[in-house]
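Please read it alongside the sequence and the coordinates.

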2 protein chains.
Amino acid sequence: MTDSPADLAVTGCTVLVHDEHERIGFREDATIVVRDGVIESVSDAATPVEARQRVDARGQVALPGLINCHTHAPMVALRGVAEDLPTEEWFNDVVWPVESNLTAKDVELGALLACAEMIRGGVTCFADHYFSMDAVADVVAECGMRAHLGEAFFTSQGPQGRAGSLEFALRRRGAAGGRITTALAPHAPYTVDDADLAATAELARTHGLPVHLHASENRDQTQVSLERHGVTPIEVLRRTGILDTDVLIAHGTGILDRDLPLLEEAGGRVAVASAPRGYLKFAWPTTTPVRALREIGVPVGLATDGAASNNSLDVWESMALTALVQKSATGDPRWLTARQALHHATLQSARAVGLGDRIGGIAPGRRADIVLVDLSGPHTQPVHDLAATLVHSARSSDVRTTIVDGRILMRDRELLTIDVPAVVGELAGRLPALLDRGHGRRVQEYDT
Amino acid sequence: MTDSPADLAVTGCTVLVHDEHERIGFREDATIVVRDGVIESVSDAATPVEARQRVDARGQVALPGLINCHTHAPMVALRGVAEDLPTEEWFNDVVWPVESNLTAKDVELGALLACAEMIRGGVTCFADHYFSMDAVADVVAECGMRAHLGEAFFTSQGPQGRAGSLEFALRRRGAAGGRITTALAPHAPYTVDDADLAATAELARTHGLPVHLHASENRDQTQVSLERHGVTPIEVLRRTGILDTDVLIAHGTGILDRDLPLLEEAGGRVAVASAPRGYLKFAWPTTTPVRALREIGVPVGLATDGAASNNSLDVWESMALTALVQKSATGDPRWLTARQALHHATLQSARAVGLGDRIGGIAPGRRADIVLVDLSGPHTQPVHDLAATLVHSARSSDVRTTIVDGRILMRDRELLTIDVPAVVGELAGRLPALLDRGHGRRVQEYDT
């Protein structure tokens, strides 16, 4: 605390807050004061505050910035190239052949476009699992977002796959003033063998790194794993030691009841990221078992996956769809209320990306990752239940202002750190080479 | 045709067009010329056009205006009042008690707010089924939208329910310069008895009116109908003669295989409106059987239902969700492609509201109901497949301009015919009386 002016004051807004039991509430007519990238206080709007920069947020709602807990940001370059296909054809016939053409420049431009989309949609942090991640890290440093980054690898790359993932994770950990955290990023149990996973778990323990990987993505993968190896993908994670690390599991729609005790008794902090839009689009028979995971205390974060399957990086939509799909999947309209959806979007997502103490809430001491939402549009009026309005009526386009670490990245819908037309223009020139599949190569084979 | 200047020219856009087999295509760099509310031509942008009003739509996509094929527009006043409840409690404990308080003024204000939301979301026409429909008709006349309106009735109202529905339908048919069409609007087979339905069918035939009602909304209703009456709701519609009228059936998620031949062999033009968001939210076990209906030639229009269940009147979202939910429900990712979704959104929805020859396409002779969509945002770039971009990446908030009968109702996101803050303010003052449930009344009992 100091008497000098604060860096930023967001004044006059309604603030989403958590009580001591993590219940969602709303504090009206409040001012958020930010200093050194951290929320210093949330006070009554009437309290005078000196600040070098002010945002008048009267009539707006301040939420913790949304967190995209599993994506492949640069894949926005492939948005719409592989439509209406089963998972195997999507991978083998389009996405993995195209990805064999990827250059670091493509990744950079894709990441820039993705960050622009996410900032405009109220996303302040994303967990990315892809290739050429130095390019992504540079984009994150430049555009001001927060990110949890991992360099993906397959066993087919040989030992240098894992080594490269480690080297990236160690070199970039804590970069961009702490906005970048890192993870080891084996692709999945069907593309990374047990020895490689076990070695990854050992590296994670040695270096204090978390692990981010795909596992039990769909029921087919679980079935094939059982047929070929006699174990589920989650059992593979257990026997290779991955569950003794802090592990973020993407999707998990193939998690079976027999997997739940393993997840509950895991030695590390286990979380799951759910991206329900793609599960519907691929016509997978099940979705992430959010209710069962809640019962065993495993946080479930919201995600979009990459735009080649999801078609957008709209975490707001993931929040609404998670509520809707969970009601449908459990047959229970009372389950996954709007407040529960907001809990997933805030504290559970923060935990999923290993930042449970730093982000996911608007409270003193947390990083100032804040979005301001305008509910004055006709589609969000009247407001009888603010949580329901936010989850079921508001849209990502209602986010007016996006702030990360106290820095304003979008103000009144104007992006301040990324030049979208320039990125779109430069990317367009590279697309023919990127999309060429005449070579017959692919980065990997999908054969669960 | 005439040499005098046209009324409106929309220049330089990409236009969604249908070929002679109704396949969706896109004509680039085109100009749409409008005269007397009708599309006169779609020509190359290079062709000189004289027009009294011009919209420069370079870089935008022109679509036929979206059609909300089943809603209760004034229920936006109840947005968020009945969350996370099973269907029966939603009706009996909240919605029907509240609706017993409704006044024509509430309906007027709700309809104004709803029309504002729909115009902003690219909806140019809606099929409404509610009470105090004169108030809705006046709002439609004033705000410039197109609508297909029916005064709802229950048998519990006695013969004057049906008589009032008829009187409204005859008096308002063709109003607002033809923008208003009307229907008889019995509520549903579980609230309108067979004699009343049969009398309604007779009135429909006598007066050349269509019928718009809820039927086979969910599987429970079908099951209860079978238990109590030995017939499905669709069989009730057949035996009462409703299927011999031009009938718009809302929801139909409880349609069984045995119902399909009845729908196929119906004497009237039968259509179904699907509003998938609410089916997920209520955790209904099935969705509208779109694929089976397609096989028997029954058009399926897109809808939102009322905002008390759907939380928005976002037909764009319904379009995307219809694609996603149909893939999931059929287990087939190849089914309901983006182009199929656009076919539902355009020609099938136009047919559903009885306007198959007048709207739903951008072609000479059709009414000039057009929306212009901006795809320059980062979430819609790059465009590899325009149909996929429209359905799966674009959002209702990407609609820049909405035109009905050649009149611009929203330009560059500015509403030109409705004052939203004034409506919201006036509605707010009426909400306490509207929401009062202390009286213990309800308009009807939900007991399928």
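The points below describe a predicted model, grouped by topic.

The contact between the chains draws 49 residues from chain A and 49 residues from chain B. In chain B, an open sheet of 4 strands has parallel pairing.

- On the side of chain A that touches chain B, at least two residues each come from helix H2 (104-120), helix H9 (276-281), helix H12 (315-330), helix H14 (386-393) and helix H15 (420-435) of chain A.
- H15(A) supplies the largest share of that side, with 5 residues.
- By class, the side of chain A that touches chain B holds 23 nonpolar, 13 polar and 13 charged residues.

**Helices H2 and H15 of chain A**

- The crossing of H2(A) and H15(A) is left-handed.
- From H2(A), the contact uses Lys105(A), Asp106(A), Leu109(A), Leu112(A), Leu113(A) and Ala116(A).
- From H15(A), the residues that meet H2(A) are Val420(A), Val423(A), Val424(A), Glu426(A), Leu427(A), Arg430(A) and Leu434(A).
- This contact of H2(A) with H15(A) comprises 9 nonpolar and 4 charged residues, with no polar ones.

**Helix H3 of chain A**

- Helix H3 (residues 133-143) of chain A has several buried residues: Met133(A), Ala135(A), Val136(A), Ala137(A), Val139(A), Val140(A) and Cys143(A).
- Among the helices, the buried residues of H3(A) pack against H2 and helix H4 (159-172) of chain A.
- The strands that the buried residues of H3(A) pack against are strand E7 (123-130), strand E8 (146-153), strand E9 (180-182) and strand E17 (407-411) of chain A.

**Parallel sheet of chain B**

- The order of strands in the open sheet is E11-E12-E13-E14 (chain B).
- Strand E11 (211-215) and strand E14 (300-302) of chain B are at the edges with a single partner strand each, so one side of each has no neighbour in the sheet.
- From one strand to the next, the twist of this sheet averages 30°.
- Strand E12 (residues 247-251) and strand E13 (residues 270-274) of chain B pair in the parallel sense over 4 bridges.
- Leu248(B) is placed opposite Ala271(B) in E13(B).
- Helix H13 (residues 338-352) of chain B lies across E12, E13 and E14 of chain B and runs at about 110° to E14(B).

Definitions and conventions. Residues are numbered from 1 along each chain as its sequence is written. Chains are lettered from A and ligands numbered from 1 in the order in which they are written. This is a predicted model: local features need pLDDT of at least 70, side-chain atom pairs count only at pLDDT 80 or more; totals for chains, interfaces and linings use all residues. Two residues are in contact if their C-beta atoms, placed from the backbone, lie within 7 Å. Ala, Val, Leu, Ile, Met, Phe, Trp, Tyr, Cys and Pro count as nonpolar, Asp, Glu, Lys and Arg as charged, and the others, Gly among them, as polar. A crossing is left-handed if the near helix is turned anticlockwise from the far one by less than a right angle, and right-handed if clockwise. A residue is buried if 20 or more other C-beta atoms lie within 10 Å of its own, exposed if 12 or fewer, and partly exposed in between; C-beta atoms are placed from the backbone. Two strands pair if DSSP finds at least two bridges between them. Axes are lines fitted to C-alpha atoms, for helices over the stretch in contact, and angles run from 0 to 180 degrees between N-to-C directions.
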